Amino acid sequence: LNSASPPARRKWLADFSECLFSFVIQLLPTQEELAVKEDVRKLLERLIRTIEPESRLLSFGSTANGYGLRNSDMDLCCLIDSEERLAASDLVTMLGDLLERETKFHVKPLPHARIPIVKLSLDPSPGLPLGIACDIGFENRLALENTRLLMCYAMIDPTRVRTMVLFLKVWSKRRKINSPYKGTLSSYGYVLLVIYFLVHVKNPPVLPNLQQMPPLRPIPKEETYLGGFNTWFFDDIELLRQRWHSENTETVAELLIDFFRYFSRDFPYGVGVASIRAGLLKKDSKGWQNDLSASRYNDARERNRFCIEDPFETDYNVARCVTKDGLYTIRGEFMRASRVLAARPERAILALADLCD
Ligand code: ATP
Ligand code: MG
């Protein structure tokens, strides 16, 4: 805590931090839920192996990255280790048929989507009061790596990083600004914003830049390049903890207030790109400027209203789904949150309720 701040403010920030911790703790998945999900993964893996014996089914996204909430969906990725394998679209169709025959899941194969997946869901039952939703994709190795990167960031400073991320996920869902299909931002996008803020905006930083730290030994390219993208990052978190510690001692409450202020007022939405790999970049240096050639004008402009660089797939804008209206709404919500927190209602818990209502 900033020792220069008046005692009343310090007390309020400490109270609000406590509220945030207790709020997110009760939203974490229970041991039972995690166990059921692991059983589902194993069952699905067994079934997939009847089609592709050399395959593995791995979790990614929030079930594996340390930022899972209760009842979040399961993201699964099937890796096939043999040389000869079926095309993803054929696998999706075959797996869809198989699961329909052999399980109680509702099955929806999407063989022709940009990323072919099988969507599954299970109705609520006494053991699983909210059911399960699950997507199975194929060979999405970059997603497995970005999941591992986010998890490593969570492990460096679990209390502050996870609390901020989990809170923002709940907040963005409750405020209805967490739907890429409706022009706002995915959870993945919000997590990247938090990490960007903690690595590149805060001074002193709360987190180091894992993608720019010197490796312990020279790494041959073929070990870390996936589809032409460099996926190397410093992942020995035990060692990192011995060698690096943050000089930043702010509380979660202070960091959150600052986060909302930065993204309502200071982030240059018009020209800037948030990159956890390289800090604040310029849209035109990436070819993501708003006004491209006439034929693609509208399309490109809609795609690059808000720019967040994927940590590995650096030509991919994670926020490409955010529309003009979506961005207006998101910024409006950042401002509203800033206002609520600046007012510092007498009881900190009221701020929390007000933020999410
Ligand atoms: P939730 O609990 O809301 O499902 P989540 O952590 O699973 O949150 P998602 O947004 O569902 O987050 O993303 C899951 C994974 O899918 C991410 O870790 C990432 O690998 C991949 N992903 C999601 N959205 C994008 C995107 N816009 N661009 C690239 N990858 C994405
Ligand atoms: Mg998910």
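Reader: Which residues are the closest to ligand 1?

Author: Ligand 1 is surrounded by 17 residues, where a residue is near a molecule if one of its heavy atoms lies within 4 Å of it. This is a predicted model, in which local features need pLDDT of at least 70 and side-chain atom pairs count only at pLDDT 80 or more, while totals for chains, interfaces and linings use all residues. Residues are numbered from 1 along each chain as its sequence is written, chains are lettered from A and ligands numbered from 1 in the order in which they are written, and side-chain values use heavy atoms, with hydrogens and water left out. The closest residues are Asp73, Asn146, Lys173, Ser187 and Tyr316.

Reader: How many Å separate an oxygen atom of ligand 1 from an N or O atom in the side chain of Asn146?

Author: A polar contact is a pair of N or O atoms within 3.5 Å (within protein, one must be able to donate a hydrogen and the other to accept it, and residues adjacent in sequence count only if both atoms are side-chain atoms). Ser62 uses a backbone N or O atom, 3.0 Å from an oxygen atom of the ligand, and Asp73 uses a side-chain N or O atom at 2.9 Å. For the side chain of Asn146, the distance is 2.7 Å.

Reader: Where does Asn71 lie?

Author: Asn71 is not a glycine, yet its phi is positive, near 60°. Strands (E, at least two residues) and helices (H or I, at least four) are DSSP runs, numbered from the N terminus. Asn71 is in the loop between strand E1 (55–60) and strand E2 (74–80).

Reader: Which peptide bond is cis?

Author: The bond has omega near 0°. Its proline, Pro204, sits in the loop between helix H6 (187–201) and helix H7 (221–224). The cis bond runs from Asn203 to Pro204.

Reader: Are H9 and H11 parallel or oblique to each other?

Author: Axes are lines fitted to C-alpha atoms, for helices over the stretch in contact, and angles run from 0 to 180 degrees between N-to-C directions. Helix H9 (residues 252–266) packs on helix H11 (residues 324–343) at about 140°, with the axes 8 Å apart. Angles under 35 degrees count as roughly parallel, over 145 as roughly antiparallel, 65 to 115 as roughly perpendicular and the rest as oblique. H9 and H11 are therefore oblique.

Reader: Is the crossing of H5 and H9 left-handed or right-handed?

Author: The axes of helix H5 (residues 158–174) and H9 come within 10 Å and cross at roughly 50°. A crossing is left-handed if the near helix is turned anticlockwise from the far one by less than a right angle, and right-handed if clockwise. H9 passes H11 in a left-handed crossing. That of H5 and H9 is right-handed.

Reader: How many residues of the contact of H2 with H3 are charged?

Author: Helix H2 (residues 31–49) and helix H3 (residues 88–102) pack at about 120°, with axes 10 Å apart. Leu44, Leu47 and Ile48 of H2 make the contact with Leu95, Leu98, Leu99 and Glu102 of H3, contact meaning heavy atoms within 4.5 Å. Ala, Val, Leu, Ile, Met, Phe, Trp, Tyr, Cys and Pro count as nonpolar, Asp, Glu, Lys and Arg as charged, and the others, Gly among them, as polar. The contact of H2 with H3 has six nonpolar residues, no polar, and, as charged, one.
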